[in-house]
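Hi there,

Here is the model I promised to pass on to you. Have a look at it first, and then read my notes below.

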Amino acid sequence: MIKDCHLYDEKLEKIHVLSQESKKLGIKLIAEGIEKSEEWTVLQDLVDYGQGYLFGKPSPVPVDKYTAR
């Protein structure tokens with residue numbers, strides 16, 4: 001669902017609905033598979049956390065905070 005979400009209104013609408021429902025239920029929403037800065041641009045106000053190659057390759061050691069390129 002995340003791949004190229006910035007290009008497809010249908011995907012963004014589904015993510016928006018998930019975002020609204022998760023907020024109502026007090027659930028944190030994580031977007032996984034973010035590879036493009038354009039995807040993160042549209043997602044950052046809809047999700048609580050983001051993960052993917054845009055931020056870095058997998059690491060055995062957790063990091064405290066990522067900043068998008």
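In which segment does Asp-4 lie? Asp-4 lies in the segment before helix 1; helices here are DSSP runs of H or I with at least four residues, numbered from the N terminus.

Two words on the ground rules. This is a predicted model, in which local features need pLDDT of at least 70 and side-chain atom pairs count only at pLDDT 80 or more, while totals for chains, interfaces and linings use all residues. Residues are numbered from 1 along each chain as its sequence is written, and side-chain values use heavy atoms, with hydrogens and water left out.

Back to Asp-4: its phi is positive, about 60°, although Asp-4 is not a glycine. For background, most residues other than glycine have a negative phi. Asp-4 also counts as buried, at 14% relative accessibility (buried is under 20% relative accessible area, exposed over 50% and partly exposed in between, with a 1.4 Å probe and protein chains only).

Next comes helix 1. This helix has 17 residues and reaches 24 Å from its first C-alpha to its last, close to the 24 Å expected at 1.5 Å a residue (the expected span is 1.5 Å times one less than the number of residues). Its buried residues are Ile-15, Ser-19 and Ser-22. They sit on the same side of helix 1 because they cover an arc of only 70° around the axis, the arc being that of the directions from the helix axis to the C-beta atoms. These buried residues pack against helix 2. On the face turned away from the buried side you will find the exposed residues Asp-9, Glu-10, Lys-14, Lys-24 and Leu-25. Just after helix 1, Gly-26 takes a positive phi of about 75°.

Ser-22 may be worth a click. It belongs to helix 1, residues 9-25, and is buried with a relative accessible area of 6%. A polar atom of the Ser-22 side chain lies 2.9 Å from the backbone oxygen of Ser-19. Setting aside its neighbours within four places in sequence, Ser-22 is in contact with Ile-27 and Leu-29 (contact means heavy atoms within 4.5 Å).

Last, Glu-38: you will find this residue in helix 2, residues 37-43, where Glu-38 is partly exposed with a relative accessible area of 42%. The C-alpha atoms of Glu-38 and Cys-5 are separated by 8.6 Å, with the two residues 33 apart along the chain.

Methods
Helix = DSSP H or I, 4+ residues; strand = E, 2+ residues; numbered from the N terminus. Polar contact = N/O pair within 3.5 Å; in protein donor to acceptor, adjacent residues only side chain to side chain.
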